[in-house]
Amino acid sequence: MNDNILYIDEEGYPCDDYRDIHEAIEETTAMLLTMTKEERIDWFRQSRYPYPINFDMEIGNTVYSVSSHFNRAASESLQEKAERIILNKL
């Protein structure tokens, strides 16, 4: 089992540790808490990834391959599920 996990930020740069990720989550959460429900939904719609989630990215001499898999028989879309989870947590 490989315990070496590399986290990549939204610009493709490696995050050295959890601190960067937690700071980004806290900043986003603080911003979302200032919004109305409608504003949050609009923000999620505008900020969603517009391209397929399957891609390869080369960083240095290493190629990272990202693949996503979805249950086509699911009762809700990925967007609906994410909105439900996030809005229930706020």
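Patches are made of residues with over 30% relative accessible area and no salt bridge, with nonpolar side chains joined within 5 Å. In the predicted model described here, a nonpolar surface patch of about 420 Å² is made by Ile53, Phe55, Val66, Phe70 and Leu78. Of these residues, Phe70 is placed in the loop that runs between strand 4 (62-66) and helix 3 (78-89).

The protein chain contains three helices and four strands, and these elements follow one another along the sequence in the pattern β-β-α-α-β-β-α. Of the 90 residues of the protein chain, 9% count as buried, and the accessible surface of the chain comes to about 8,100 Å², of which carbon and sulfur atoms account for 51%. When contacts between residues at least 6 apart in sequence are considered, 32% of them join residues at least 24 apart.

With regard to charged side chains, the count of salt bridges in the model comes to one. This salt bridge is formed by the side chains of Glu76 and Arg84, with a distance of 2.7 Å from N to O. Both partners fall in the intermediate class of accessibility: Glu76 is partly exposed because its relative accessible area is 24%, and Arg84 is likewise partly exposed because its relative accessible area is 38%. In general terms, side chains of opposite charge can pair when their charged atoms come close.

Two further charged residues are buried and yet take part in no salt bridge. A polar atom of the Arg40 side chain does, however, lie 2.9 Å from the backbone oxygen of Met35. The other residue, Glu83, lies in helix 3 and is also buried without a salt bridge, the nearest side chain of opposite charge being that of Arg45, at 4.1 Å. When residues up to four places away in sequence are not counted, Glu83 touches Ile41 and Arg45.

Asp9 is found in the loop between strand 1 (7-8) and strand 2 (14-15), and Asp9 counts as partly exposed because its relative accessibility is 26%. The C-alpha atoms of Asp9 and Asp20 are 8.6 Å apart in space, while the two residues are 11 residues apart in sequence. Glu58, by comparison, is found in strand 3 (residues 55-59) and is exposed, since its relative accessible area is 55%. Although Glu58 and Gly12 are 46 residues apart along the chain, their C-alpha atoms are separated by 9.2 Å.

Notes:
Residues numbered from 1 in each chain as written. Predicted model: local features only at pLDDT ≥ 70, side-chain atom pairs only at ≥ 80, totals over all residues. Heavy atoms only, no water. Helix = DSSP H or I, 4+ residues; strand = E, 2+ residues; numbered from the N terminus. Buried < 20%, exposed > 50% of the residue type's maximum accessible area, 1.4 Å probe, protein only. Contact = heavy atoms within 4.5 Å. Areas by Shrake-Rupley, 256 points an atom, 1.4 Å probe, with all protein chains shown as cover. Polar contact = N/O pair within 3.5 Å; in protein donor to acceptor, adjacent residues only side chain to side chain. Patch = residues over 30% accessible without salt bridge, like charges linked within 9 Å, V, L, I, M, F, W, Y side chains within 5 Å. Salt bridge = Lys/Arg side-chain N within 4 Å of Asp/Glu carboxyl O. Lys, Arg positive; Asp, Glu negative; His and termini not counted.
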